Amino acid sequence: MRRLSADFIFTGKNILRKGIIEVDKNGTIISVTDTKGKLDEQQSLEFYNGILVPGFINTHCHLELSHMKGMIKNDTGRGLPGFIDEIISKRNFPENLQEKINKADKEMQMKGIVAAGDISNTDDSFIVKKKSKIYYQTFVESFTVSNEKAEENFKQAEDNYRKLKNMHLPASIVPHAAYSVPDKLYRMISDFESGKKRIISVHNQETSDEDLLIQSKKGALANVLADKGFFLDDFSYPGSTALEVNLHYLNKNDNILLIHNTFSKEKDIKTAENFSENIFWVFCPLSNLYIEKKLPNIPLFFKKSVKTCIGTDSYASNTELSVLSELKAITENFPEISFEKLIESATLNGAKALQIDRRYGSIEKGKTPGINLITSFDSIKMTLKPESKIKVLV
Ligand SMILES: [Zn+2]
């Protein structure tokens, strides 16, 4: 058994000054003691300078794109349409892909990530996930160019879903985005195991042209899709925004993770929250800055007290897979968002989104959340500094 203490502990619910965490060799929390800042000299106590927080939950990544670091140019000013154009033409499957995926998984562990929601279009990442210490919820992602291709595409997703189930890995079949899933395919995804409380993830309002496409089938995104063989007549887009189209097909009983939301407005937040209590707004700020050079109105979501989560996205649009770096980017751009709210997004909210909050997300008796130490923490302003670093303790 280990006994850990630090200047501060954020349990996921409150901040303790010089509290003590007892943890057994399996990482299970035995007890959490609030010393109210009065820590007497205690034997066998590990004391750290900084703040202890629960293990991070990365609610959006694509492990299988781990070999694409730096492959997609981000200086063309074309935003997401340009990114899609490039990723479709440049995506390849090199011989060392497994090695790259393995390295990315290890990197996430080093950065204090204990669980992840990971998108898969192929089965390339499954073996790494099976062996990893990270808990993975795999989102088997589906999209295609036309209704005619829907069955073939869905069957491929179902095959991958079955492979994961046979490996005892948690999985769900999910749509890629409102603009890339034709009616027939979206209905097949919606109907699949619809009696269960599923976890669904969908890329949402990542570019301004997404809503424009939904409304008029015009704009740069429409042009790129048409160019890539998408038969836009098969997309009826029932709604006036990408969000409305997604909600039209999705089931309000499922956990719905809306990814990016870079162009979501106040009325979109209202629409989604009115639709369901199980909406999770996932932000991947470094990917947004890479692709669109624009951040979502993140403070607005915090002001509305909706459930916010953090994702790293992939190496195709990021230079590292670190939840802490995402949090630092948010702090730098929106210092008004409190540290506690950010950590809650990166831990407990993510655990709820992935339905694993019985084990992860907060430092509480009986849970095995993982424990990270954040050093170079600004303990006067209670905020992250650009030089803040992470060390995995448990
Ligand atoms: Zn993504």
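User: In this predicted model, what makes Cys309 the partner of Val282?

Analyst: Cys309, in strand E13, is joined to Val282 by a bridge.

User: Why are E12 and E13 called paired strands?

Analyst: Pairing needs at least two bridges between two strands. Strand E12 (residues 279–283) and E13 have 3 bridges, in the parallel sense, so they count as paired under that cut-off.

User: What makes E13 an edge strand?

Analyst: Strand E13 (308–310) pairs on one side only, as does strand E10 (199–204). They belong to an open sheet of 4 strands, ordered E10-E11-E12-E13, with parallel pairing. The twist in this sheet averages 30° from one strand to the next.

User: How do you know that E7 and E8 pair?

Analyst: The cut-off is at least two bridges. Strand E7 (residues 113–120) and strand E8 (residues 135–142) run parallel and are joined by 6 bridges, so the pairing holds. Asp118 stands opposite Thr138 in E8.

User: How is the protein divided into domains?

Analyst: Domain 1 covers 2–53 + 378–392, and domain 2 covers 56–360. Their centres, taken over C-alpha atoms, are 33 Å apart.

User: What makes up the contact between the domains?

Analyst: Domain 1 gives 11 residues and domain 2 gives 14 residues. On the domain 1 side, 8 are nonpolar, 3 are polar and none is charged.

Notes:
Residues numbered from 1 in each chain as written. Predicted model: local features only at pLDDT ≥ 70, side-chain atom pairs only at ≥ 80, totals over all residues. Domains from an automatic or database assignment. Contact = placed C-beta atoms within 7 Å. Nonpolar A, V, L, I, M, F, W, Y, C, P; charged D, E, K, R; others polar. Helix = DSSP H or I, 4+ residues; strand = E, 2+ residues; numbered from the N terminus. Axes fitted to C-alpha atoms, helices over the stretch in contact; angles between N-to-C directions.
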